Amino acid sequence: MVDASQLFSGRPEARYPDTVAVTYDPASRWLSCVYNDHSVYVWDVRDLRDPRRAGKLYSALYHSSCVWSLEVRGGGGGGGGVHLPSGSFLSCSSDNTIRLWNTDSHNLLTRNILSHDLQKVIYVDDNVTSLLDPESATVTGGNAEKAGSSGSEGQQTDQSRAGIRTLRVSPDGQHLASGDRMGVLRIHDLDGMEEILNVQAHDSEILCLEFSKPDTGLQLLATASRDRLIHVLDAARDYSLVQTLDEHSSSITAVRFAANEGKVRMISCGADKSVYFRTAQQVRASPGVKTQLLLS
């Protein structure tokens with residue numbers, strides 16, 4: 001929201017979170033409310049005769065579930081220019097959202113009257129149930145037990161697997177890669193936060209994403225998952241698949257690229273207690289040049 005009048009002009013199809021806690025300060029006549037999407041609002045209710053004259057004094061929009069990953073950005077990302085201003089960072093959560101925050105009031109991207117630090121929310125799913133805290137969500141009415149036991153059981157199972165698991169910003173600051181708990185890889189353009197790629201990359205949750213650094217001379221993205229596979233994608237060619245590696249016998253928890261001694265290496269480790277070192281070699285294929293990672 002960018003205009004205060006939008007606070008009291010709800011659309012018919014709009015849905016709002018439930019209020020789970022309130023407290024009133026009689027001295028200042030402020031009403032503080034906590035909602036089951038983990039948002040906090042403080043209202044000025046001096047004129048109790050007309051609720052529409054209530055004024056919003058403060059509000060904060062937090063993730064409604066656990067936060068899995070953070071990406072902190074400084075003044076820019078290399079040769080691609082400044083795509084995120086200084087003081088910005090990105091977070092992802094089990095609530096199926098990616099949120100862009102900024103702690104520097106002089107470098108705000110947008111003016112949001114609901115939050116001074118939250119600049120953008122990317123909703124990766126149309127299912128709004130993940131935006132509500134399942135522990136605070138309540139069912140009112142006489143059929144509460146029935147609705148909670150049967151109707152929502154399958155929904156809770158799906159929700160337990162929902163969420164964005166990991167984030168990574170490309171070295172040039174142009175793209176944001178994210179992997180969710182269903183194995184879906186997404187690429188967003190940081191200029192407009194538009195989704196430019198959505199692919200089912202793995203059979204299980206993606207635990208790690210890593211871009212190769214500029215000093216390697218390559219533009220690669222590695223995705224590692226609980227399905228024991230590493231996919232290496234060519235970021236310079238619309239994230240086309242270069243190679244799939246399957247040496248690990250358990251979940252892969254970290255992947256890194258390194259350049260030393262004139263060689264580019266990829267290092268991975270997993271829950272199988274092993275660390276693999278691989279060397280990248282340029283293998284010419286027709287047409288063009290294809291990059292293949294070989295175990296050294």
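**Figure 1. Aromatic pairs of the predicted model.** Three aromatic pairs are counted, a pair being two rings of Phe, Tyr or Trp (its six-membered ring) with centres within 6.5 Å. Planes under 30 degrees apart count as stacked, over 60 as edge-to-face and the rest as tilted. The ring centres of Y41 and W43 lie 5.5 Å apart and their planes meet at 10 degrees, so this pair is stacked. Y41 is buried at 11% relative accessibility, and W43 is likewise buried, at 14%; buried means under 20% relative accessible area, exposed over 50%, and partly exposed in between (1.4 Å probe, protein chains only). Y35, Y41 and W43 make up one aromatic cluster. The model is predicted: local features need pLDDT of at least 70, side-chain atom pairs count only at pLDDT 80 or more, and totals for chains, interfaces and linings use all residues. Residues are numbered from 1 along each chain as its sequence is written, and side-chain values use heavy atoms, with hydrogens and water left out.

**Figure 2. The stacked pair of F89 and W101.** Here the ring centres are 6.3 Å apart and the planes are at 15 degrees, so F89 and W101 are stacked. F89 is partly exposed, at 24% relative accessible area, whereas W101 is buried, at 8%.

**Figure 3. The salt bridge between E71 and R168.** The structure contains 13 salt bridges, each defined as a side-chain nitrogen of Lys or Arg within 4 Å of a carboxyl oxygen of Asp or Glu. In the bridge of E71 with R168, the closest N and O atoms are 3.2 Å apart. E71 is buried, with 9% relative accessibility; R168 is partly exposed, with 21%.

**Figure 4. Salt bridges of R186 with D180 and E195.** D180 and R186 approach to 3.1 Å between their closest N and O atoms. R186 also bridges to the side chain of E195, at 3.7 Å from N to O. R186 is buried, at 8% relative accessible area, and D180 is buried as well, while E195 is partly exposed, at 37%.
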